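Please look through the structure below before reading the points.

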Amino acid sequence: MSEIALPKIEKSIIDKKKEIVKKLSKLTNSDNVLSEADELRPYETDALSVYTQTPLAVVLPENTEQVSEILKYCHEENIKVVPRGAGTGLSGGALPLQDAILLGLGKFNQILEIDYHNKCVVTQPGVTNLGITHAVQHKGFYYAPDPSSQLACSIGGNVAENSGGVHSLKYGTTTNNILGVEMVMMDGTICRLGGKSFDQEGYDLMGLICGSEGLLGVVTEVTVKILKKPEVVKAALIGFSTIQEGGDSVSEIISSGIVPAGMEIMDKALIEATDNFSKAGYPRDAELLLIVELDGTESEVNELIKKVELICKKNNCSSLKLSKNENERLSFWAGRKAAFPACGAMAPDYYCMDGSIPRGKLTEALLEIKRLSNKYNLPVANCFHAGDGNLHPLIMFDGNDKDQLRKTEEFGSEILKTCVKLGGVITGEHGVGIEKRELMCEMFNDDDIEQQLNIKKSLDEKNLLNPGKVYPILRKCAEEGRVHVHKNKDKFPDLPRF
Amino acid sequence: MSTKIKINSQIFQDSNNTYYPKNEQEVSELIKQLYKSDSPTEIIGTNSKNYIGNKTQSANTTSLSKLSGIIDYKPEELYIKVKACTPLEEIEKVLSKNNQELAFEPIDFGFIKDGISNKGTMAGYLCCNYAGSRRFKVGSVRDHVLGFKGVNGKGDIIKSGGTVVKNVTGYDLSKLIAGSFGTLVALTEITLKVLPKKDSSNTVAVYTDEASKIFDLFNKLSSSSSEISGAVYVPEEPKNEDFIKNKNDVFKFNDLKLNTSFLAFRVEGDKISIEEKIKILKKELNLKDFDYSVLDIYQSELFWKKVNNLEIFQKTKNNILRLVIPPSHGAELLKSLEKKYKYYVDWCGSLFWIEVQSKKEEKIKDLKKLANDFGGYLTIVKTSSNYDYGEPIFTVDSIRLMISEKIKKSFDPKRILNPGKMYRGV
């Protein structure tokens with residue numbers, strides 16, 4: 001796999017390893033510091049497992065004060081720090097560095113307060129996304145953003161990446177669903193941004209931290225909004241015999257004033273793959289499959305389903321099935337949620353891309369991807385969050401064939417550039433990390449990037465917190481790897497991926 | 001501004017030392033010149049909300065009012081891209097033709113100032129980040145900004161975001177710009193998320209003035225899956241005070257009782273689902289125990305317009321406070337306000353708009369303390385003409401101030417843009 005440029009290794013720091021480990025043990029306790037080779041191995045990578053690095057040491061603090069003391073010490077001693085949540089990130093944001101401490105937030109695993117009156121939950125960052133919903137669902141509440149790895153990904157990581165999910169068109173991403181964070185800056189300063197009330201006065205620092213990929217601070221507490229579950233949720237499974245007709249239906253649904261809770265598309269390759277894998281009962285003759293989910297009151301949902309049905313029939317849908325009950329609705333989603341592992345079963349390796357495009361460009365994008373697939377002679381399967389324009393092409397290849405690997409990388413890069421050309425962006429929800437770092441200049445010019453780097457510099461003047469991520473090191477548009485999964489050995493093969 | 005710059009600058013300048021750059025390039029050139037000559041400038045749109053915030057410490061003014069017009073509107077993509085100082089009203093009109101809207105329900109701050117509508121520009125509104133009644137359901141202004149372009153304090157044209165809803169490419173600077181009162185960039189372009197308008201709305205008014213009952217109702221409303229999209233409490237005003245407008249002059253509707261306090265909530269959707277939702281809510285709220293009435297769509301629409309025009313404070317000469325707290329402390333706060341202030345409660349119990357008469361300024365300090373104790377904050381949105389600034393307009397703790405100073409410096413190292421508008425030294 002491709003080599004990737006990382007910040008220059010400070011040998012003097014590596015030489016001081018013993019001393020650093022001793023100090024870290026003092027700042028938390030020795031059980032919370034890992035420094036032996038076998039202890040460090042599980043932390044060598046996140047879910048972008050193609051890249052591995054052994055950290056200098058792993059430290060697992062237990063409270064905010066310890067995080068503050070550790071960061072303060074590292075700041076004074078010029079030691080780099082890489083923060084890590086559950087390690088499920090797909091863009092290499094938590095990739096360790098050889099001369100850096102890996103700061104794991106795994107011990108921050110408690111929900112601190114459930115406040116139904118203010119409709120919020122105060123939680124430590126290591127709690128999983130789904131853990132929050134589990135804690136409040138008995139009262140009919142839930143936490144809205146639902147990245148597909150929600151079973152394992154931590155809420156702190158969600159804040160770092162501004163994670164989305166299937167329902168973000170209607171319910172927004174993480175940034176729209178949090179009220180406050182407690183954060184420790186690189187120099188050890190502890191700050192509270194926001195709280196339980198809406199729209200804090202002054203600069204929206206919480207908005208800046210959300211999605212900053214661990215470059216500006218370490219989040220040690222999060223206050224999230226919880227919502228009451230909608231009364232009724234129904235889904236429709238609709239097949240089309242051409243991409244164009246399916247794409248047009250998506251545009252028409254949105255234009256008609258419907259805001260679906262979720263709207264997903266799969267192409268023929270993926271319909272077959274997922275149906276083989278999960279026996280979801282999808283229409284296998286369809287060229288394109290659309291899943292539309294609607295929520296609200298009974299009559300509202302029935303009315304919307306009628307409208308969706310009408311639009312799809314007008315666009316010559318080849319099949320249309322409505323969920324009759326909750327089990328059937330979940331079965332509609334089962335195949336879609338198995339999209340990634342299903343691809344893993346079809347080829348030795350696959351690359352997952354993550355670009356966003358305007359919804360109306362869907363047909364154009366899919367046809368271009370098809371053309372590129374022929375050009376590179378590599379099969380590709382497409383899933384698409386049609387509601388919010390987030391595209392996940394999965395390129396299938398054999399990583400043992402060096403030529404295929406090179407071609408896959410070129411193919412992937414061309415797809416992301418196509419997204420930008422169509423008015424979209426290079427990452428919708430997986431983050432830039434190290435993976436798309438060099439593609440940042442497809443979207444931003446030097447002035448844009450300099451402004452962002454100046455913000456980083458103003459909050460971390462020594463560039464010690466998660467250096468080498470998000471912003472190009474070489475300041476050139478090199479083409480690097482994407483999510484690479486070999487022999488279906490994803491870091492977390494069981495996790496559903498959207 | 002130095003004579004040299006005046007000679008070199010081709011940008012139109014009026015007798016009040018106000019510059020009117022015509023496009024983004026001219027904004028950039030102007031700020032580059034100002035940066036070179038260390039000359040701070042006040043950034044304005046059409047000046048509709050100039051009473052909010054501190055007076056800037058600057059010798060000249062830059063009006064972005066010429067940067068106006070819709071650049072790109074794609075109803076099917078749910079976004080609109082506008083030049084920064086496009087009048088909000090123009091945007092709302094265009095959206096309305098396609099049955100769409102800015103879901104955060106912009107407040108019309110013109111009524112407080114001059115007694116007439118003046119919504120000002122999109123950039124001005126974004127810089128305040130003050131969302132209207134639908135806030136608790138759909139988010140604030142910042143939640144509807146997809147991207148922007150602007151000029152930082154060095155004169156560099158920068159951008160962030162795009163036109164798509166899902167975008168995690170680089171820092172989310174749109175959030176930072178929202179509510180920054182023009183202190184970070186001079187905005188030149190804004191892209192907003194737009195949403196379809198609901199077919200219809202009804203408003204239910206419940207007549208009560210008991211703090212505990214009011215906040216119990218607010219709590220039940222925000223816990224309901226019926227998705228109400230507005231909830232206010234409007235109390236009777238103190239009898240012994242002299243205000244320009246009385247609540248009973250503003251909220252005059254066929255189906256709304258006068259001379260009594262009320263809580264009103266809005267239900268939106270198609271006609272059948274509105275009926276269905278009201279039926280559910282009547283049960284959830286135990287409305288049979290209350291006196292209540294229902295305003296039909298015509299009354300309902302006008303009612304929420306009046307709420308979001310801040311019409312009960314029309315032309316006021318007094319101080320207007322905006323106090324936001326977690327709603328669980330609302331009943332307590334309400335008790336301390338009762339019959340002493342003219343106020344109303346929005347955002348389903350989170351936002352208090354309060355009028356404090358100029359002779360009672362010392363009360364602001366007490367209210368601010370209460371807000372802080374409850375985990376919220378208080379902003380003095382409008383000061384009376386003789387306000388002594390004993391209490392600062394915005395409140396900030398020392399750590400957030402330190403971070404804000406750093407952020408300001410990263411955008412505007414020489415403090416050229418709206419210096420001091422929010423905090424001294426920022």
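1. The buried residues of helix α10(A) pack against β13 (262–267), β14 (288–296), α12 (326–337), α13 (339–344) and β18 (380–385) of chain A. Contact here means C-beta atoms, placed from the backbone, within 7 Å. Helices (H or I, at least four residues) and strands (E, at least two) are DSSP runs, numbered from the N terminus.

2. This is a predicted model: local features need pLDDT of at least 70, side-chain atom pairs count only at pLDDT 80 or more, and totals for chains, interfaces and linings use all residues. Residues are numbered from 1 along each chain as its sequence is written, while chains are lettered from A and ligands numbered from 1 in the order in which they are written.

3. Which residues of α10(A) are buried? In this helix, residues 268–278, they are Ala269(A), Leu270(A), Ile271(A), Ala273(A) and Thr274(A). A residue is buried if 20 or more other C-beta atoms, placed from the backbone, lie within 10 Å of its own. Just after the helix, Lys279(A) has a positive phi of about 50°.

4. An open sheet of 5 strands runs in the order β5-β6-β10-β8-β9 (chain A), with antiparallel pairing. Its edge strands, β5 (111–115) and β9 (190–194) of chain A, each pair on one side only. Two strands pair if DSSP finds at least two bridges between them.

5. Within that sheet, β6 (residues 120–123) and β10 (residues 218–225) of chain A are antiparallel partners over 4 bridges. Cys120(A) stands opposite Lys225(A) in β10(A).

Conventions
A residue is buried if 20 or more other C-beta atoms lie within 10 Å of its own, exposed if 12 or fewer, and partly exposed in between; C-beta atoms are placed from the backbone. Two residues are in contact if their C-beta atoms, placed from the backbone, lie within 7 Å.
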